[in-house]
Amino acid sequence: MESQSVILRVNGPVIFADHMGFAGLGEQVDVGNEKLTGEIISLANDVATIQVYEDTTGLKPGEPVVGRGEPLSVWLGPGILRSIYDGIQRPLSKLHDFSGTFLKRGLSTPGIDIEKRWAFTPRRSVGDAVVALSIVGDVPETELITHRVMVPPRLSGTLSWIAEAGDYTVTDIIAKVATDKGEREITMLQKWPIREPRPIAKRLPPRVPMITGQRVIDFLFPAARGGACAIPGGFGTGKTVTQHQLAKWSDVDVIVYIGCGERGNEMTQVLEEFPVLIDPHSGKPIMERTSLIANTSNMPVTAREASIYTGITMAEFYRDMGYHVAVMADSTSRWAEALREISGRLEQMPAEEGYPAYLASRIGDVYERAGRTEIAEADGSTREGSLTIIGAVSPPGGDFSEPVVTHTKRFVRTFWGLDRELASARHFPSIHWNTSYSEYDVSAWYVEHAELPWTELRDRTRALLKEDERLQNIVKLIGADALPDRQRIVIESSRLVKEAFLQQSAFSEVDSYCPIEKQLAMIDTILTFHECALKASSDGKPVHQILSAPIVEEIHRMKESIRSDELDRFNEMKRKIEASF
Ligand code: ADP
């Protein structure tokens, strides 16, 4: 709707406009002569406060503001995968093509290519009952992912027409649904407001692990499918390498990677590295199942603020299709800083460390969009989808008591605390067993899917590490040699747990990914050593002989020397351990 509203005042990415009575909160607006994209974030007495997602340099009071009549939304349809977007879903390669190296302002490029034709195959016939999220047909979106064309949320009825198999654009009508309120046309394209979670009909408990092949994660601090996880750590502690490992190895179908880099070069690194990463499961480029959102440093903070919601909304769309999706946000601290900067421009009362008082609720809104869901078809058949959110947090100075980390802890149930000391000692992943935790109970899954008893092995390992932690305090004072034999064995076995088991190089060909069977066989071997060593010691064998047995060296090497396809060799190891003592 056209209106008489004009800009009153410009304050960086925030502007104020009058005569805005026609508009609604959250509505998307075109700002100024260049039609920059903005969103109304507050309305009072006809004056709107608008955050603008593009550089506002040169914008002047008196220029027009026009409402678009809809909230800030993303376009959902085939073509999201393999794409690289900015924070408000403008394709970066397109913007680059249109305007050279720098993003030109006021370009409203659709997030989905509207000219490209996709090969659609119908799955249903006229007369079929359909409900919200019913799949009406398939489109091969990439080499790895089949796009499922769904009935939009909140719509149900009977299929009154469906297109034949063939090539269609995303705006071509491919089906019609007869509803109580008349016929509705369906295209491959849906729009969805980024700040509104897509509806979930049924939530499933997060009891299935997201297997990552990283021992410290799967064995000690598992992520659940549909879970909310945080990786906090100071600079150089391994957040990026861990996120890449998770992107490469996690058993999820689709990845949405949201890069909120502070410095331009951090983001350039992601933009260069991701497109060449190979998916180890399929041997194809990882971009075949990935969408990347890049907030480069020349983009305003407002786009960074929106980017998390943009990414999560796209992820929810694939979850609804019945895929397991992981969203990785690196880093949420940069996103929180964007909130702080915008709040400052709005002259809001600052709370802790200058962050707005609503920081916690915003963080909560983000992580609460994670979940494992069941989607029902009209005939009662169901499919499962999940959306796992993994947020990296980069607190200044690696301080876990600052507001972003403490508030994040309230909403995530898996916490992988990266530790500076471990990182400097080159113990990677530097996820510390004392500060990390996981509250997801995936034990029932392991009972069903693993031969060795995960819960029991994990409890024993944790007890050992706990005792070691206590003993290390004594060792600091009096040295290990002064300890009784039993305790020296505890310290030595814990060292094996830490070095031979928890350390895992992302760059090792053999060990970069460790299947759960191997994980359990490895820890079982170490715990067998521990029991046998304790027994031998109580039978009178001198502790120095126990600890210098050649088998100790073999245990140290097992992650590299025993490949995942030769797990029988662990039985051999156990026999050797028993024979050694
Ligand atoms: P951050 O993103 O936290 O600043 P990075 O992820 O870039 O840190 O990690 C810094 C360095 O630590 C890497 O270049 C790499 O050498 C090492 N590193 C981190 N994680 C691992 C790992 N799992 N295996 C081997 N090396 C690692």
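**Reading a predicted model: a guided dialogue**

Guide: The largest cavity in this structure holds about 40 Å³ of space. Please bear in mind that the model is predicted.

Visitor: How many cavities of 30 Å³ or more does the count give?

Guide: The general idea comes first. Rolling a probe the size of a water molecule over the atoms shows where empty space is left. In this case, the count comes to one cavity of 30 Å³ or more.

Visitor: Which residues line the largest cavity?

Guide: The lining consists of Ile308, Ile312, Val327, Ala329, Thr332, Val366, Tyr367 and Ile389. At least two residues of this lining come from each of α5 (301-321), β22 (324-330) and α7 (359-367). Sorted by class, the lining has seven nonpolar residues, one polar residue and no charged residues.

Visitor: Let us turn to strands. In which sense do β23 and β24 pair, parallel or antiparallel?

Guide: As a general idea, the side chains in a regular strand alternate between the two faces of the sheet. Here, strand β24 (residues 382-393) pairs with β23 in the antiparallel sense, over six bridges. As an example, Arg372 has Ser386 in β24 as its bridge partner. The two strands form a hairpin with five residues between them, and Gly380 in this hairpin takes a positive phi near 90 degrees.

Visitor: How many bridges join β18 to β23?

Guide: Strand β18 (residues 202-204) and strand β23 (residues 371-376) run antiparallel and are joined by three bridges. Arg203, for instance, has Thr373 in β23 as its bridge partner.

Visitor: At what angle do the axes of helices α12 and α15 cross?

Guide: To read such a pair, one considers the two axes and then the residues that meet. The axes of α12 (residues 485-502) and α15 (residues 550-561) cross at roughly 30 degrees and come within 8 Å. On the α12 side, Arg495, Leu496, Glu499 and Ala500 take part, and they meet Val552, Ile555, His556 and Lys559 in α15. This contact has four nonpolar, one polar and three charged residues.

Notes:
Residues are numbered from 1 along each chain as its sequence is written. This is a predicted model: local features need pLDDT of at least 70, side-chain atom pairs count only at pLDDT 80 or more; totals for chains, interfaces and linings use all residues. Side-chain values use heavy atoms; hydrogens and water are left out. On a 1 Å grid over the protein atoms alone, a cavity is a set of points where a 1.4 Å probe fits but cannot get out, and a pocket is an open set with protein on both sides within 12 Å along at least five of seven lines; lining residues have an atom within 4 Å of a point. Grid points are joined across faces, edges and corners, and a volume is the space filled by probe spheres set on the points. Helices (H or I, at least four residues) and strands (E, at least two) are DSSP runs, numbered from the N terminus. Ala, Val, Leu, Ile, Met, Phe, Trp, Tyr, Cys and Pro count as nonpolar, Asp, Glu, Lys and Arg as charged, and the others, Gly among them, as polar. Axes are lines fitted to C-alpha atoms, for helices over the stretch in contact, and angles run from 0 to 180 degrees between N-to-C directions. Contact means heavy atoms within 4.5 Å. Two strands pair if DSSP finds at least two bridges between them.
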